[in-house]
Amino acid sequence: MSMKNKKISLIIAFYNKIDRLRWVFAALEKQIFCDFEVIIADDGSNAEVVAQLQELISTATFPVKHVWHEDNGWQKNVILNSAVRVATAPL
């Protein structure tokens, strides 16, 4: 999984709903277009969910970055901004 610049950076807002993310990853695995990266913008998921997420990332056939911050209430926009900063696709 190369982390070189990708044509598309797909940013997914996430918080503790690992089952829903598994469905998204399953759909992404079936894509014909492969010049993308996935950035998980995690708004403070708990340690158990983060461990499950790391396992999911380890088996993905596409590049995935996990951007996380501590759960300090709803700060979705803050984590989305952090995710944009690590994206490699051109703006």
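Here are some worked exercises on the predicted model shown above.

A word on the ground rules before starting. Residues are numbered from 1 along each chain as its sequence is written, and side-chain values use heavy atoms, with hydrogens and water left out. Because the model is predicted, local features need pLDDT of at least 70 and side-chain atom pairs count only at pLDDT 80 or more, whereas totals for chains, interfaces and linings use all residues.

**Exercise 1. The overall layout**

Task: Find how many helices and strands the protein chain has, and the pattern they follow along the sequence.

Solution: 
- Step 1. Start with the elements: the protein chain has three helices and three strands. Helices (H or I, at least four residues) and strands (E, at least two) are DSSP runs, numbered from the N terminus.
- Step 2. Now read along the sequence; the pattern is β-α-β-α-β-α.
- Step 3. Turn to the dimensions. The C-alpha trace spans about 35 × 25 × 15 Å along its principal axes.
- Step 4. Check the radius of gyration, which is taken over C-alpha atoms. A compact globule of 91 residues would have a value near 12 Å, and the 13 Å of this chain agrees with that. The globule rule is 2.2 Å times the number of residues to the power 0.38.
- Step 5. Look at the contacts (heavy atoms within 4.5 Å). Of those with a separation of 6 or more, 81% are between residues 24 or more positions apart.

**Exercise 2. The sheet**

Task: Work out the order of the strands in the sheet and whether the pairing is parallel or antiparallel.

Solution: 
- Step 1. The three strands form an open sheet in the order 1-2-3, and the pairing is parallel. Two strands pair if DSSP finds at least two bridges between them.
- Step 2. Strand 1 (8–14) and strand 3 (64–68) each have a single partner strand and stand at the edges, so one side of each is left without a neighbour in the sheet.
- Step 3. Neighbouring strands are turned by 20 degrees against each other on average, direction ignored. Axes are lines fitted to C-alpha atoms, for helices over the stretch in contact, and angles run from 0 to 180 degrees between N-to-C directions.
- Step 4. Zoom in on one pair: seven bridges join strand 1 to strand 2 (residues 36–42). Ala13, for instance, has Ala41 of strand 2 as its bridge partner.

**Exercise 3. Burial in strand 2 and helix 3**

Task: Decide how many residues of strand 2 are buried, and which residues of helix 3 are buried.

Solution: 
- Step 1. Across the 91 residues of the chain, 38% are buried.
- Step 2. In strand 2, seven of its seven residues are buried. Phe36, Val38, Ile40 and Asp42 point one way, while Glu37, Ile39 and Ala41 point the other way.
- Step 3. Move to helix 3 (residues 76–86), which lies across strand 1, strand 2 and strand 3 and runs at about 150 degrees to strand 2.
- Step 4. Its buried residues are Ile79, Ser82 and Ala83. Seen down the helix axis they fall within an arc of 100 degrees, so they line one face of helix 3. That arc is the one of the directions from the helix axis to the C-beta atoms.
- Step 5. These buried residues pack against strand 1, strand 2 and strand 3.

**Exercise 4. Two serines**

Task: Find which backbone nitrogens lie by the side chains of Ser9 and Ser45.

Solution: 
- Step 1. A polar contact is a pair of N or O atoms within 3.5 Å; within protein, one must be able to donate a hydrogen and the other to accept it, and residues adjacent in sequence count only if both atoms are side-chain atoms.
- Step 2. Ser9 lies in strand 1. A polar atom of its side chain is 3.4 Å from the backbone nitrogen of Thr88 and 3.1 Å from that of Ala89.
- Step 3. Ser45 sits in the loop between strand 2 and helix 2 (47–59) and is buried, with a relative accessible area of 2%. Its side chain reaches the backbone nitrogen of Asn16 at 2.8 Å.
- Step 4. Leaving out residues up to four places away in sequence, Ser45 touches Phe14, Tyr15, Asn16, Val50 and Trp68.

Methods. Buried < 20%, exposed > 50% of the residue type's maximum accessible area, 1.4 Å probe, protein only.
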